[in-house]
Structures are given as C-alpha cells and as structure tokens.
Amino acid sequence: MTDLRLPHLYDRVSRIIPPPDWMLFEDDIAAILDLKREKNAVILAHNYQTPEIFYGVADIVGDSLALARKAVEVDAEVIVLAGVHFMAETAKLLNPGKTVLIPDTEAGCSLADSITAEDIALLREAHPGVPVVTYVNTSAAVKAASDICCTSGNAVRVVESLGVPRVLMIPDEYLARNVARETGVEIIAWKGRCEVHELFTVEEVRGFRDSWPGVTVLAHPECPPEVVAEADFSGSTAVMSDFVGTRKPARVVLLTECSMSDNVALDHPEVEFIRPCNLCPHMKRISLRNIREALEQGRHEVTVDPAIADDARRAVERMLAV
C-alpha cells in the first residue's frame with residue numbers, strides 16, 4: 001500500500017478496485033480534488049456511478065430525489081453532475097445562479113428520450129382535467145408541461161398527495177403500473193421504459209433463488225411489474241440501500257444498474273451480493289477523466305431556456321414540498 005498516493009481514499013474501495021487499477025485513477029483523482037478547491041466546485045454523483053467516482057471524488061451522492069434535494073443546499077459556485085443530462089438540468093433549475101457542468105453531453109436517458117412536451121399537450125387533450133405527474137427522468141421542457149414531478153422514491157406519495165381519482169403518469173410505464181398497485185388511484189401510463197431495468201425477467205429472479213438459496217431480491221420500481229411482484233421488496237436506489245443497511249440480509253441481489261451493487265457492498269462487507277450486471281450506457285459515459293476536463297475547461301455548461309425554466313422549476317419544487 002506504500003506505493004499508493006491516496007491510501008486514505010483507496011482503503012474505502014480496496015475490496016472492489018485492485019491496486020493496479022487504482023494507480024491508473026490516482027492522477028485524475030488528485031487533480032480533481034485540487035480543481036474542486038480551486039474552482040469552488042462540488043461533484044454530485046448518482047448511485048449508478050462507479051466506485052472510483054462515487055467514493056473517490058464525489059461530495060454528494062444519492063438517488064435522483066436525494067440529489068435534487070441536496071442540490072438546493074449546495075454552497076459552491078460550480079456543480080459538476082456525475083450522472084445523466086436530466087439530472088444536470090434539474091440541478092440548474094434549482095440553482096439558476098450557479099454554473100452546472102455535465103462531463104459528457106451524450107449522457108442521456110431512454111426515458112427522457114421517450115416523450116416530449118408536445119406529447120403531453122396531446123395527452124391533456126385526450127384526458128382534460130387529469131393532472132400530469134412527471135418522472136424526473138425527463139427533459140426540462142417536459143417538466144415545464146407537467147403539474148408536478150416525482151422520483152421512484154416518492155412517486156406513491158406524490159400521486160396520493162394530489163387527492164384525485166385519476167392521474168397521468170409519464171413517461172415510465174412500469175413505474176406507473178407499479179405505483180398503481182400501491183394506490184387507489186387510476187393511473188394512465190405512457191409507453192416509456194428504462195433500457196436497463198426492463199431487461200430483468202421473472203425467470204432471472206427464479207434463477208437467482210435456485211442458484212443462491214435464501215437470497216433476498218430487491219427490485220427497482222422501473223422493473224416490469226411481474227418482476228417487482230416476484231421480488232421480496234421494491235424501492236428506489238436509496239431505499240434499497242437503506243434496506244440492506246437496516247435489515248442486513250445474509251445474501252442479496254439488487255435488480256438495478258450494475259455499479260449500485262458495488263457501492264452498497266462497500267458499505268456492508270458482511271452482506272454477500274449477487275451481481276447481475278445490467279449497465280447503463282449513459283451513466284458509464286461519465287469518467288474521472290471527463291470530470292477532470294469539465295473542471296479544467298468549464299465544460300459542458302448546462303442551461304435551461306428561460307421560457308420554460310420557471311414552469312419546470314415549479315414542477316420540481318412542488319415535488320420537493322411533498
């Protein structure tokens with residue numbers, strides 16, 4: 001360990017990252033730590049980021065809801081969002097006076113790409129008077145056309161807070177169907193799906209149980225409803241992490257993006273993690289190198305059209321107030 005430049009950070013991830021790999025990361029990590037001080041910057045990292053980002057350079061970590069809440073409290077001048085583009089837009093909406101950077105402009109989202117503001121206008125025509133609940137995995141333009149946002153962590157609470165018998169819930173079809181099972185509200189869904197979570201199947205869950213007896217199966221609510229029904233528990237990435245921390249199952253499988261298991265496993269060495277590895281290609285566009293370049297060069301700055309910013313911010317703030 002004496003040949004490592006950042007042993008205090010490596011100790012945190014040593015069970016996941018071999019020393020030779022860590023040594024390849026050290027120059028970028030050291031530079032990022034210096035640049036954060038120099039630029040008065042913070043890094044917000046989603047739970048799907050790899051451990052060298054999540055534990056090596058991030059200041060604030062969490063699921064979409066946690067990042068949205070904590071973004072409001074950021075005291076730095078610059079926010080680097082180690083996640084996908086809609087998250088950076090949300091951070092900008094909540095911090096209009098700060099500089100928000102995303103390391104790769106191609107870090108998108110299949111859900112965000114599945115719906116437009118024009119689609120919402122057509123839905124409102126078809127279902128007059130029905131409120132629109134929009135998942136945060138959407139563009140600012142879609143948020144602006146909505147009544148309120150939600151995340152997978154608070155979707156049930158948001159839907160029930162409206163006190164109406166029927167809502168439009170977009171764009172994740174599976175999240176909408178899973179929320180409908182937990183509420184007495186009729187939910188009209190859109191046909192968007194997460195390209196990672198839609199891959200999980202009931203047969204795969206049963207295979208985990210056959211191969212690893214006694215395994216506890218936790219499913220993200222973006223998974224198909226039949227997969228959620230087959231699991232032992234369903235919740236957002238933050239809720240799944242809390243479940244592992246409080247229940248401490250001997251053996252667990254997380255039906256979500258691959259890096260999540262690595263990050264949670266580092267906090268709970270006593271738990272055995274079975275790791276299906278469905279990767280999000282968009283999350284994996286973020287790297288230490290392009291985080292460093294974002295700070296060095298001030299790229300890529302995220303802006304929101306002033307014509308939609310107020311309405312989009314209102315939808316997000318209504319969510320945060322629930």
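Here are some questions and answers about this predicted model.

Me: Let's begin with the sheet: in what order do the four strands of the open sheet lie?
Reply: The pairing between these strands is parallel. Strand 6 (148-150) and strand 8 (186-189) are the edge strands, each pairing on one side only. From one strand to the next, the twist averages 35°. The order is 6-5-7-8.

Me: Which residue of strand 7 is the bridge partner of Val 132?
Reply: Strand 5 covers residues 132-135, and its pairing with strand 7 is parallel, over three bridges. The partner of Val 132 in strand 7 is Leu 168.

Me: At about what angle does helix 9 run to strand 8?
Reply: Helix 9 spans residues 173-182. This helix lies across strand 5, strand 7 and strand 8. Its angle to strand 8 is about 175°.

Me: What is the omega of the peptide bond that joins Ile 170 and Pro 171?
Reply: Pro 171 sits in the loop between strand 7 (166-170) and helix 9. Most peptide bonds are trans. The one joining Ile 170 and Pro 171 is cis, with an omega of about -5°.

Me: And for the peptide bond from Arg 299 to His 300, what is omega near?
Reply: You can find His 300 in the loop between helix 14 (288-297) and helix 15. The bond leading from Arg 299 to His 300 is cis. Its omega is near -10°.

Me: How about Lys 248: what is its phi near?
Reply: Lys 248 is placed in the loop between helix 12 (237-247) and strand 11 (251-255). With 44% relative accessibility, Lys 248 counts as partly exposed. Most residues other than glycine have a negative phi. For Lys 248 the value is positive, near 50°.

Me: Why are the buried residues of helix 10 on the same side of the helix?
Reply: Helix 10 covers residues 202-211, and its buried residues are Val 202, Val 205 and Phe 208. In an α-helix there are 3.6 residues a turn, so residues three or four places apart point the same way.

Me: Which exposed residues does helix 10 carry on the face turned away from its buried side?
Reply: The buried residues of helix 10 pack against strand 9 (216-219), helix 11 (225-230), strand 11 and strand 12 (272-274). The face turned away from that buried side carries exposed residues. These are Glu 203 and Asp 210.

How values were computed: Residues numbered from 1 in each chain as written. Predicted model: local features only at pLDDT ≥ 70, side-chain atom pairs only at ≥ 80, totals over all residues. Heavy atoms only, no water. Helix = DSSP H or I, 4+ residues; strand = E, 2+ residues; numbered from the N terminus. Buried < 20%, exposed > 50% of the residue type's maximum accessible area, 1.4 Å probe, protein only. Contact = heavy atoms within 4.5 Å. Pairing = 2+ DSSP bridges. Axes fitted to C-alpha atoms, helices over the stretch in contact; angles between N-to-C directions.
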